[in-house]
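Reader: I am new to this structure and would like to go through it step by step. Could you show it to me before I ask about its parts?

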Amino acid sequence: MDQASNVIYIAGSGRTGSTILDVILGNHPKIVGLGEIHRLSIEPDIRKCGCGTEINNCEFWNPLLKQISNEKKIPFENWWDFFPLTLAKEKKIVKYLPSLLEILLMIGNKKILKIFLKQSLVKKYFEIIENSLFLYDKISKYSDVPYIIDSTKNPVRMKALYLSRPNKIKIILIVRDGRAIVASAKRRIKTPIEVGTTNWVTTNKNLELMLRTISKEKYIVVRYEDLCDDTENIFRKITSFIGIDYDPKMLRPVKGNFHQIPGNPWLHNNDDDVIEIKKDERWKTELTKDELRIFNNIGSSLNKKFGYR
Ligand SMILES: [Zn+2]
């Protein structure tokens, strides 16, 4: 088997169904789903894996991380200090445009990027990308599976991974009705509709800028609602895009069998043994007329672009 793993990157804004997409695809015999893998190096001694055990003690991650610590000659006790997979301020980089790193990634020219590789933020960022690719290759070899999923969603990470390994990365862009996304943010963390809509539009703009220099055959756009209504067909499309056979068994992942790093409390809170896609359209009754008006002022053109009326 080729040493370098193939990366399936799930991009999109939060609350689009990326977790369930990762879990179902990760249930395919040729794919391992890693979830929001950048969080692996954030307090892995107390942070829980998708299986419910702390990352450092999990049956999947523990032997792998020990192997990596051994190979890199770093102590297992605090491996994450020596092998970071995210910058402490990664979230900030994405929100407050534009840093030199982001501009370079948007331009997407490797020669120009090379000139700035010594600049401290750019250097640090590409070190975590290198660590991430090292980890993916280890997992691919360890699990004897050619494809891994990174569902971090962050557009900066997406583009940096793409520029580092352009021939081995495919991107799934998952979108959902913006009204559902702002309603979810309102419900969960009381985000005002205006703020939620602006965040959603900004994330998608950043994504669009990063995608501009990536050729169209490298990514596919999937709508959350289609994934729920037309599940088999959409997964047939996705597997054919990746270049693997469709396997109907993947649609029924069993809880506790997957080790995605959660970005979403859903992975721990779900009581069902078999995970199924359930369409969530609570926004239809949750948003007031005034809130819908605020959403439409800021977000209706983007929503229409994704095909929502
Ligand atoms: Zn686990």
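Reader: In which sense do β1 and strand β3 pair?

Author: Please keep in mind that this is a predicted model. Strand β3 covers residues 147–153, and β1 is joined to β3 over five bridges. The sense in which β1 and β3 pair is parallel.

Reader: In β4, which residue is the bridge partner of Ile 8?

Author: Strand β4 spans residues 169–175, and β1 pairs with β4 in the parallel sense over five bridges. Within β4, the residue that partners Ile 8 is Lys 170.

Reader: How many of the six residues of strand β1 are buried?

Author: On one side of β1 lie Asn 6, Ile 8 and Ile 10, and on the other lie Val 7, Tyr 9 and Ala 11, with both faces covered. Strand β1, residues 6–11, is largely enclosed by the rest of the structure, because the number of its six residues that are buried is six.

Reader: Which element gives the largest share of the nonpolar patch?

Author: The patch on the surface is formed by Leu 100, Ile 103, Ile 107, Ile 112, Ile 115 and Phe 116, which together have about 480 Å² of accessible area. Two elements give two or more residues to the patch, namely α6 (110–115) and α5 (100–107). The largest share, three residues, comes from α5.

Reader: What is the relative accessible area of Leu 100?

Author: Leu 100 lies in helix α5, and Leu 100 is one of the residues of the nonpolar patch. Leu 100 counts as partly exposed, because its relative accessible area is 31%.

Definitions and conventions:
Residues are numbered from 1 along each chain as its sequence is written. This is a predicted model: local features need pLDDT of at least 70, side-chain atom pairs count only at pLDDT 80 or more; totals for chains, interfaces and linings use all residues. Side-chain values use heavy atoms; hydrogens and water are left out. Patches are made of residues with over 30% relative accessible area and no salt bridge: like charges are joined within 9 Å, nonpolar side chains (Val, Leu, Ile, Met, Phe, Trp, Tyr) within 5 Å. Accessible areas come from the Shrake-Rupley method with a 1.4 Å probe; for residues, only the protein chains shown count as cover. A salt bridge is a side-chain nitrogen of Lys or Arg within 4 Å of a carboxyl oxygen of Asp or Glu. Helices (H or I, at least four residues) and strands (E, at least two) are DSSP runs, numbered from the N terminus. Buried means under 20% relative accessible area, exposed over 50%, partly exposed in between (1.4 Å probe, protein chains only). Two strands pair if DSSP finds at least two bridges between them.
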